[in-house]
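Subject: Structure handover

Hello,

Here is the structure we talked about passing on. My notes follow below it.

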Amino acid sequence: MDNRRVATRTPCRLAAQIAAGERTLDVAFRDLSLGGAFVEALERVPVGERVTVRFRVPAQPDPIEVGGEVRWHGREEAGAPGFGVRFDGLRARDAWALTRFLDAAA
């Protein structure tokens, strides 16, 4: 499999929300990096659709909110359906908090 990710994904189980158009989906991340996430969800969001992702990590009281794009559909190794989201870029404080979370989870 061709892995073009810039950042290594860390396995996790983290609640999140995806705003896609007029819909808001309650989902879970199954893996996460500074560059994106695998979103476990029964409902699909079309590839190429712009989304807003919102989630919390323990190192920061405010939620992280970042824009992104749905890049692919599929299943993770455990078989959960979902899709991959590439983040547009995190604010500095969000990147710091997410890095702390990922380091602790690794």
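I begin with the helix. The buried residues of α1 are Asp 94, Ala 97, Leu 98, Phe 101 and Leu 102. Around the helix axis they cover an arc of only 135°, which means that they sit on the same side of α1. The face turned away from that buried side carries Ala 92, Asp 103 and Ala 104, which are exposed. Please keep in mind throughout that this is a predicted model.

What do the buried residues of α1 pack against? Their partners are four strands: β1 (10-20), β2 (23-32), β4 (50-55) and β5 (64-75).

Next, the strands. Six of them close into a barrel, in the order β1-β2-β3-β6-β5-β4, and the pairing is antiparallel. From one strand to the next the twist averages 45°. On this sheet packs α1, which touches β1, β2, β4 and β5, and the direction of α1 makes about 145° with that of β1.

Strand β3 (residues 36-40) and strand β6 (residues 81-87) run antiparallel and are joined by five bridges. Val 39 stands opposite Phe 83 in β6. As background, the strands of a sheet pair through backbone hydrogen bonds, either parallel or antiparallel.

For the chain as a whole, the secondary structure comes to one helix and six strands. Read from the N terminus, the order of the elements is β-β-β-β-β-β-α.

- Radius of gyration: a compact globule of 106 residues would have a value near 13 Å, and the chain has 13 Å, so the two agree.
- Extent: along the principal axes, the C-alpha atoms fill a box of roughly 35 × 30 × 20 Å.
- Burial: 42% of the 106 residues in the chain are buried.
- Contacts: among those between residues at least 6 apart in sequence, 52% join residues at least 24 apart.

Regards

Conventions. Residues are numbered from 1 along each chain as its sequence is written. This is a predicted model: local features need pLDDT of at least 70, side-chain atom pairs count only at pLDDT 80 or more; totals for chains, interfaces and linings use all residues. Side-chain values use heavy atoms; hydrogens and water are left out. Buried means under 20% relative accessible area, exposed over 50%, partly exposed in between (1.4 Å probe, protein chains only). Helices (H or I, at least four residues) and strands (E, at least two) are DSSP runs, numbered from the N terminus. The arc is that of the directions from the helix axis to the C-beta atoms. Contact means heavy atoms within 4.5 Å. Two strands pair if DSSP finds at least two bridges between them. Axes are lines fitted to C-alpha atoms, for helices over the stretch in contact, and angles run from 0 to 180 degrees between N-to-C directions. The radius of gyration is taken over C-alpha atoms; the globule rule is 2.2 Å times the number of residues to the power 0.38.
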